[in-house]
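Biologist: I'm new to this one. Can you put it up and walk me through it?

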Amino acid sequence: MTTTSPSTPTTPHVCDVVIARTGGLAPGRLMALAQEKSWALADEVRELETERAALATAAADLLYTVVPALDDRDRRRAVVRLRRDIHNDRCTDRTRKDLETALPVLPDAARDACRTWWDLTGALAERRERAEKTLQDELDASWRRMRDLLADPRMRAALALASPEFIRSRLPERAGPEQRSARTVASYLTRAAVKTSPFSFLTSVAPLRFGVLEPLSRTEDRVSCGATPLAVELLLSAARLPGLAARLTLRVNPALREQPDGSVLGLLPFRACADGFFCGDDEAQYLSGLAARAVRHREDPRAGLGVWATRLNAPETAVIRLVRTGILQPVTPWAADSPAPLRALADFLDGAVPAGRHGDSREDDFRTALSDAAHAERAATELDASARLLAVERLRTAGGRALAATGAFVPDWLATAPLVHETVRGAGPALQAADTVREDMERLRDILAADVVRSRFYDRLVDAFVAFYGRGGREPDLLSFVLKVVRHHALAATITETARQDRARTDSDRPDGFGTLAPATATALFQVASPSYETVQTGRHLTVVNRLNVGPGALLTRWLVAPGVHEAIGEDLSGWLRRLTPSAEPLQTAAWTDWAPVQYLDRRLAPRLQWPTALPGAGDHTDVALADLGLRHDPASGTLQAYRRKDGRTVSFPYLGSVPRHLIGGAHRIVMTLTDPWVLRTRVNGERHTGDPEPEPAHDVVRTARRTDGRLVLGRATWRMPRRMLPEPSRDEPPAEYLVRLRRWSAEHGLPRRFYLRQAAHIRLTHAKPAWVDLADLYSVHAAFRSLAADAHEVEIVEALPDMTDYMPGHDGGEALAVELTAALALGEGR
């Protein structure tokens, strides 16, 4: 076991490489959708209204003084009616006649005021009439352009995977902004243009290197991740049919442990899909009967059904039940990064019926359906949108048929959840990875490092370990300690209480690491706002921090799956992980890696921690099993150090899953905390974390100014307000009048024309993603305003930064594109 001197810093603070996420549609295309002429007319209407309203007050006051001096009853009545009409903003034919009657007897000041009011009234009517006609023409033109943008083959190919039901529908020739189809089109176009969330051609990824102003790859390529969750369901359901079960290779769940009292405790997997997101957890349970007997064979080699029936002295039907409950685990015939797990499963299960068995029609039905699903999985990678639509539909149908053939439950998610995910690698805007931007990341690192604490939960884990094993003690089986903690009745309360303590602390900790304990790390997602690359090179830009993730760079390593990305930056990321814990071997860690595609771990990066409840698979011989690790207390540093039992080598557990760490609990949470117990207390861009203080409800507009530190923008300007102050469209309101109302509202509150709208997070609703709004584009307005939850009582407006003039052209000098960069930061030193 080796360590380094605690006084020797070894960690660079900013990783040399970044990932660029580039929108698939130029933001300028959104600008072309705006009803510019109508917006200008709306502004003229607003200005005329303002001028006329001010004049009306003056004219009414002047007429009031004139009335008593008039002897002619008819003229006096005409002036009274004229004054009333001016005061009430009313203009009729009678108003015109009264004006003609009154003008000859009015003093010069009153006469000029009334004539000007009348002229403004006419100009206002003319602008409104012109705005109404112009707006309808522009809306029709905008809709035609929206249809054309959506007809792009790459856009359709992406949406065929993201939203097959929508792309299958036929768009109308004309659609007003209030129609659902129009709102959906507007949402997808803005998502592709300004929201850089990688998916197919909607947003591509590219590796970049700070200071290297040439693309690391100039070509475009793509990869599709297959339907892994469906493959897992089908593999487990295949165990229901004896003929198929006989072809499986099984092992005992490594998370089973016999307790001192003879009982058997183990972790069993729970797999789920919530709102299209594949997730899971482990449940600690005491086992009995045949399940408990399996613990005696935990070290036995993997084998087939018949061998396990002999080992357990049980009928094969009973052994099959152990597979369905997670006691025995089938080996997956596909690798974790396989683009075609269904094909691998179909090939594995295909073949003759084992000797001594009779054919079963259900097995034939299963194989046929599985083969159809595998073909559909492959067809879903074709670029043609129609072919993709058909393939995805066939994939769902065939998967359902296969599950039904085994008598298994067909999960609801099979009908709606995305089954195939495509990643596109592009060239990337290398010029944005300038040395000046790296300087900004260094400054951000300094800001974050000044307000970090080591979670009290880690301290409680250390205390618990010392209580169980003594000061300087060791547990050769790390999993045994994990099970003790997981089963403790106070675990949930301890996590909640220590989180409260972390938030309440007024001090901070040195964010340095030692051995298994890594230094505090963060991943920053940010955008460079600048009109040109020249201004970036000279430091005349803004670096806008969008979001922070705790951890060493999962949102970089996630995209190593894309073609060429590992070749470009894989070694750099491997070195980054090693430098974070120089005296410990990093074992990359994530939850639900056998189930959730977003939890991808690239084996080329570093050995993976093999989680005991995850299904073993092809290529896992390089993994390091949790069951092969021990844990010891280091009195000098007051830390817990994990190590390999076979050679005593210290190991660490960098979390590299895409799912935010705070969403993961149970045994995974405990192991991750051994390496990363750090809490970042700095908030950027309006972030709010669970347990943060609730803001006071807004009764009026509450403005927060932009928060900056040099070139860094840590918080965009915001306007928070009750929803009742949001000018949502009325059912029968003419579009031109609504546009004028929007213009009045934005002028009244000093709002920018373009912004992001989101429902305030503290109202405890499902947090909707911010919706981009251009007030001059009624399609974007309706799409954003209608995205708010019905019971959202408060909204927040966030300035659009970068705005349209802040996007830079691509490396080839083409259209300006929205780009978000991802960088990994070390806030302390690794030792």
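Predicted model: local features only at pLDDT ≥ 70, side-chain atom pairs only at ≥ 80, totals over all residues.

Biologist: How many cavities of 30 Å³ or more does a search of the whole structure find?

Modeller: The search finds eight of them.

Biologist: What volume does the largest cavity have?

Modeller: About 210 Å³.

Biologist: Which residues lie nearest its centre?

Modeller: Ala336, Asp594, Arg608, Leu615 and Gly617, out of 19 residues that line the largest cavity. By type, that lining divides into nine nonpolar, five polar and five charged residues.

Biologist: And the second largest cavity, what is its volume?

Modeller: The second largest cavity comes to about 150 Å³. It is lined by 15 residues, and Thr228, Ala336, Asp337, Pro597 and Tyr600 are the closest to its centre.

Biologist: How does that lining divide by type?

Modeller: The lining of the second largest cavity has eight nonpolar, five polar and two charged residues.

Biologist: Changing topic to helix H6. Which of its residues are buried?

Modeller: H6 covers residues 153–162, and its buried residues are Met155, Ala157, Ala158, Leu159, Ala160 and Leu161.

Biologist: What covers them?

Modeller: The cover includes helices H5 (108–150), H7 (164–168), H8 (180–194) and H16 (385–406). Strands E2 (200–209) and E9 (421–425) are also part of that cover.

Biologist: Which residue caps the N-terminal end of H6?

Modeller: Asp152 does. One of its side-chain oxygens lies 3.0 Å from the backbone nitrogen of Arg154.

Conventions:
Residues numbered from 1 in each chain as written. Heavy atoms only, no water. 1 Å grid on protein atoms, 1.4 Å probe; cavity = no way out; pocket = protein on both sides within 12 Å on 5 of 7 lines; lining within 4 Å. Points joined across faces, edges and corners; volume = space filled by probe spheres on them. Nonpolar A, V, L, I, M, F, W, Y, C, P; charged D, E, K, R; others polar. Buried < 20%, exposed > 50% of the residue type's maximum accessible area, 1.4 Å probe, protein only. Helix = DSSP H or I, 4+ residues; strand = E, 2+ residues; numbered from the N terminus. Contact = heavy atoms within 4.5 Å. Polar contact = N/O pair within 3.5 Å; in protein donor to acceptor, adjacent residues only side chain to side chain.
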